[in-house]
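Work through the exercises below with the sequence and the model side by side. Try each task before you read its solution.

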Amino acid sequence: MTRGLVGGCLVLGVAVAGCRSATPADCRPADSARIAAARGVPAPTGPAPSAPPAPVLRELKAELYRSGAVLLQLERYDESYRSFTELVKLAPRYQDAATLQAQARERLVHRHYQEGLRLYREERLEEAIAEWRVALRYDPRHADARKGIEQAESLLRRLKDKSR
């Protein structure tokens with residue numbers, strides 16, 4: 001289930017029409033009934049949900065940090081990057097999370113770029129291009145990945161023209 005805000009309330013994955021509040025917790029009781037009806041569940045009773053209690057939030061941040069650090073050591077950079085990204089969204093100054101997030105991103109970009117080079121050398125051009133595009137998704141200014149894509153696409157065009 002998702003929680004968030006998109007043009008008013010979005011609670012449990014359902015946008016609440018007419019709700020103009022800043023957070024789902026600010027929704028009126030009538031909104032809860034509309035949410036329940038849209039989800040096909042009984043209307044909730046009691047106070048609207050709020051942010052997790054401080055101890056829960058503290059434990060969540062610690063767990064995101066631990067998992068990100070372990071995944072970084074295991075060279076599972078994509079998962080590590082996701083953990084640190086979520087942590088930095090929750091707490092931008094949590095220990096050295098922002099530094100470790102950047103480190104995971106750099107290693108992730110490097111891995112995809114190197115994999116693209118390997119595939120290019122093996123003449124698996126479409127796969128090389130796909131790897132370089134992943135690198136660019138994490139680092140849009142990666143000049144070597146852009147150059148690799150241009151070269152591979154040019155070579156593919158020439159091969160296609162030659163086969164005609």
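The exercises go from the whole chain to single residues, and each is followed by a worked solution.

This is a predicted model, in which local features need pLDDT of at least 70 and side-chain atom pairs count only at pLDDT 80 or more, while totals for chains, interfaces and linings use all residues. Residues are numbered from 1 along each chain as its sequence is written, and side-chain values use heavy atoms, with hydrogens and water left out.

**Exercise 1. The whole chain**

Determine which secondary structure elements the protein has, in what order they run, and what share of its residues is buried.

Solution. Begin with the elements, where helices (H or I, at least four residues) and strands (E, at least two) are DSSP runs numbered from the N terminus. The protein has six helices and three strands, and from the N terminus on their order is β-β-β-α-α-α-α-α-α. Next comes burial, for which buried means under 20% relative accessible area, exposed over 50% and partly exposed in between, with a 1.4 Å probe and protein chains only. By that rule 32% of the 164 residues are buried. Finally, take contacts, meaning heavy atoms within 4.5 Å: of those with a separation of 6 or more, 37% are between residues 24 or more positions apart.

**Exercise 2. Serine 80**

Find where serine 80 lies and what its side chain reaches.

Solution. Serine 80 belongs to helix H3, which covers residues 77-90, and because its relative accessibility is 0%, serine 80 counts as buried. Its side chain reaches the backbone oxygen of glycine 68 at 2.8 Å. When the neighbours within four places in sequence are left aside, serine 80 is in contact with Gly68, Leu71, Leu72 and Ala104.

**Exercise 3. Aromatic rings**

State how many aromatic pairs the structure holds, and describe the pair of tyrosine 81 and tyrosine 138.

Solution. Rings of Phe, Tyr and Trp (its six-membered ring) pair if their centres lie within 6.5 Å; planes under 30 degrees apart count as stacked, over 60 as edge-to-face and the rest as tilted. The structure holds five aromatic pairs. One of them joins tyrosine 81 and tyrosine 138 edge-to-face, at 5.4 Å centre to centre and 90° between the planes. This pair links distant parts of the chain, since tyrosine 81 is in helix H3 and tyrosine 138 in helix H5, 57 residues apart. Both tyrosine 81 and tyrosine 138 are buried.

The ring centres of tyrosine 113 and tryptophan 132 are 6.4 Å apart with their planes at 35°, so this pair is tilted.

**Exercise 4. Two glutamates**

Locate glutamate 75 and glutamate 123, and say whether each is buried, partly exposed or exposed.

Solution. Glutamate 75 lies in the loop between helix H2 (54-73) and H3, and at 44% relative accessibility it counts as partly exposed. Glutamate 123 is in the loop between H4 and H5 and is exposed, with a relative accessible area of 69%. Phi is near 60° for glutamate 75, and phi of glutamate 123 is near 60° as well. In general, most residues other than glycine have a negative phi.

How values were computed:
Polar contact = N/O pair within 3.5 Å; in protein donor to acceptor, adjacent residues only side chain to side chain.
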